[in-house]
Amino acid sequence: MGRSYFVDEAVEKYLGGLLAADPGSCVTGLLAGQSSPQRDFVVLAVQTPQRESEGQLKSSRGSGPLDDIDVEWVTEHARQVSRMLPGGLCILGLFLVTPPELSKDAQNTLKRLIFAMDKCISKGRLWELTEEDVNDRVTLHICSKTKKTVCKTLDVKDPKSSSKPADWKYQTCVSSSWPMLTCSVEVDLQIPLTGSSSDNTDKCMKDCIKRWAKQIEAGNCLISGRQALDDSELISGQKKNLKTTHRQTFPARILVSDEQPELDERSSALVQLCSGSMRVRGVVHCRAYIHNNKPKARHAVQAIKRDIINTVSSRVEMFLEDLLISEGSRKGLCTGQQALPRRVFAPMPFSGLSVCDYMFPDESTADVADRLKEMLDWETPEEDIDISLESNQLFSPELEMTDSHSDDSSKLVSEVQVENPHIHKAPQYYAGVVVAATIALLATATSLLYFSE
């Protein structure tokens with residue numbers, strides 16, 4: 001028996017609207033929701049937006065052969081939308097609407113798209129997959145004339161896998177009572193830059209963020225002030241009604257260990273030339289949703305941790321992308337403090353869930369509304385966009401760049417690396433002429449992470 005997909009009725013209405021708008025065309029789009037070992041929940045469908053290239057308008061909607069579908073644009077849309085999904089939500093797969101004469105080739109096209117999409121999204125993933133993570137992605141083919149739907153799944157970890165049939169079931173209020181976890185995290189990351197090229201800057205940034213992400217994954221989580229036990233139920237000791245529209249909110253807190261290595265553990269100090277440094281600091285707001293089908297605490301912890309990692313890495317990537325676009329080179333990485341885009345939230349129509357976007361200092365809620373329209377294909381009133389959660393200028397995320405212009409001795413940077421993989425210790429960076437003395441003095445004062453509720 002194949003996987004079961006419980007689909008919100010809002011998705012059914014959206015797909016029906018696409019069929020009614022242009023019944024003879026080809027349309028590609030994304031399916032998003034939450035995956036679990038037992039079943040998947042689809043709460044969002046959105047068509048691939050039009051793409052403007054070389055003065056002409058290109059689109060995934062057209063009557064040409066399926067080979068003309070812009071795979072690169074479909075996967076880029078998936079990458080952008082995945083950034084807008086809070087913890088617990090992800091891209092589950094793709095849908096394809098075709099006229100009857102193209103139905104025979106639809107499955108091959110969907111397979112080509114689904115593997116390209118998963119490769120694009122997985123490239124920027126910093127958290128580790130677990131045995132409970134589902135490798136199946138859903139494909140939905142809809143005939144624009146007969147309205148017949150064919151739902152299948154593909155194992156994205158096996159390029160040679162064949163598609164398997166799956167159940168596609170529409171339901172009302174699929175996510176209306178999903179519990180929500182919230183968490184505010186104070187971040188303070190020091191990233192040494194060991195070269196002047198943009199590629200080197202990206203590498204330094206990603207290496208540091210990866211180490212930080214491992215600390216988040218290894219941290220202990222408190223939910224409503226209590227330690228979350230893996231197999232305990234998230235909603236325990238309460239009468240659970242799956243039909244209720246009431247959504248419970250649980251405050252979460254992540255505690256990261258900074259244990260010192262044992263005496264018999266080996267460690268090494270690497271001395272590097274440092275051309276400058278990048279410091280990422282501020283308070284970020286995180287949230288995650290978890291399905292109400294007997295959710296376990298470990299699933300809720302996993303969802304909020306992944307959201308913490310995703311939101312920090314996403315806005316650092318966006319900041320660097322923006323600089324490279326505006327300047328065309330690393331010249332855009334000027335020294336001084338620069339505000340990172342802050343996270344804002346907007347309601348998802350009919351579901352009661354929310355999506356997020358990232359607003360740069362020179363942008364307004366009108367810009368956010370325009371992006372929501374382009375990426376998610378719905379109108380959002382500006383007053384419905386919540387910009388308050390990271391509005392405090394003293395704590396808004398920022399990036400600080402410094403450059404070293406003095407003699408070579410001031411450019412020495414030492415990175416302490418603990419070789420025992422079982423100890424998750426914050427990476428420490430030190431600068432100075434006398435490396436040993438600097439390590440002794442600054443071991444407890446540099447590159448620390450503080451996490452608060």
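Thr311 is buried, with a relative accessible area of 1% (buried means under 20%, exposed over 50%, partly exposed in between, with a 1.4 Å probe and protein chains only). This is a predicted model, in which local features need pLDDT of at least 70 and side-chain atom pairs count only at pLDDT 80 or more, while totals for chains, interfaces and linings use all residues. Residues are numbered from 1 along each chain as its sequence is written, and side-chain values use heavy atoms, with hydrogens and water left out.

Thr311 belongs to helix H5, residues 297-327. Helices (H or I, at least four residues) and strands (E, at least two) are DSSP runs, numbered from the N terminus. Beyond residues up to four places away in sequence, Thr311 touches Val284, Cys286, Arg343 and Tyr358. Contact here means heavy atoms within 4.5 Å. Val301 also sits in helix H5. Val301 counts as buried, at 12% relative accessibility. Setting aside residues up to four places away in sequence, Val301 touches Cys221, Ile223 and Ala228. From Val301 to Ala288 the C-alpha distance is 9.1 Å, and the two are 13 residues apart in sequence.

Now to the sheet. Eight strands form an open sheet with mixed pairing, in the order S9-S8-S7-S6-S2-S3-S1-S10. Two strands pair if DSSP finds at least two bridges between them. Strands of a sheet pair through backbone hydrogen bonds, either parallel or antiparallel. The edges are strand S9 (164-165) and S10, each of which pairs on one side only.

Strand S2 makes antiparallel pairs with two partners. Seven bridges link S2 to S6, and Thr28 has Leu96 in S6 as its bridge partner. Seven bridges also link S2 to S3 in the antiparallel sense, with Gly29 opposite Gln47 in S3. S2 and S3 form a hairpin, with four residues between them. S2 is mostly covered: eight of its nine residues are buried. Phe6 has Phe41 in S3 as its bridge partner. Helix H1 (residues 9-21) packs on this sheet, touching S1, strand S2 (27-35), S3, strand S6 (90-98), strand S7 (136-143) and S10. The direction of H1 makes about 30° with that of S3. Such angles run from 0 to 180 degrees between N-to-C directions, with axes fitted to C-alpha atoms, for helices over the stretch in contact.

Leaving aside neighbours within four places in sequence, Phe95 is in contact with residues including Leu15, Leu18, Val27, Leu110 and Leu140. In soluble globular proteins, nonpolar side chains tend to be buried together.

The charged end of Arg287 sits over the ring of Phe345, 3.9 Å from its centre. The rule asks for NZ of Lys or CZ of Arg within 6 Å of the ring centre and within 35 degrees of the ring normal.

Aromatic pairs come next. Rings of Phe, Tyr and Trp (its six-membered ring) pair if their centres lie within 6.5 Å; planes under 30 degrees apart count as stacked, over 60 as edge-to-face and the rest as tilted. That rule gives four aromatic pairs. Phe41 and Trp178 form an edge-to-face pair, 5.7 Å centre to centre, with 80° between the planes. Phe41 lies in strand S3 (residues 40-47) and Trp178 in the loop between strand S10 (167-171) and strand S11 (180-193), so the pair ties together parts that are 137 residues apart in sequence. Phe41 is buried at 6% relative accessibility, and Trp178 is buried at 0%.

Trp168 and Tyr170 have ring centres 6.2 Å apart and planes at 90°, so this pair is edge-to-face. Trp168 is buried, at 14%, whereas Tyr170 is partly exposed, at 31%. Together with Tyr5, Trp168 and Tyr170 form one aromatic cluster.
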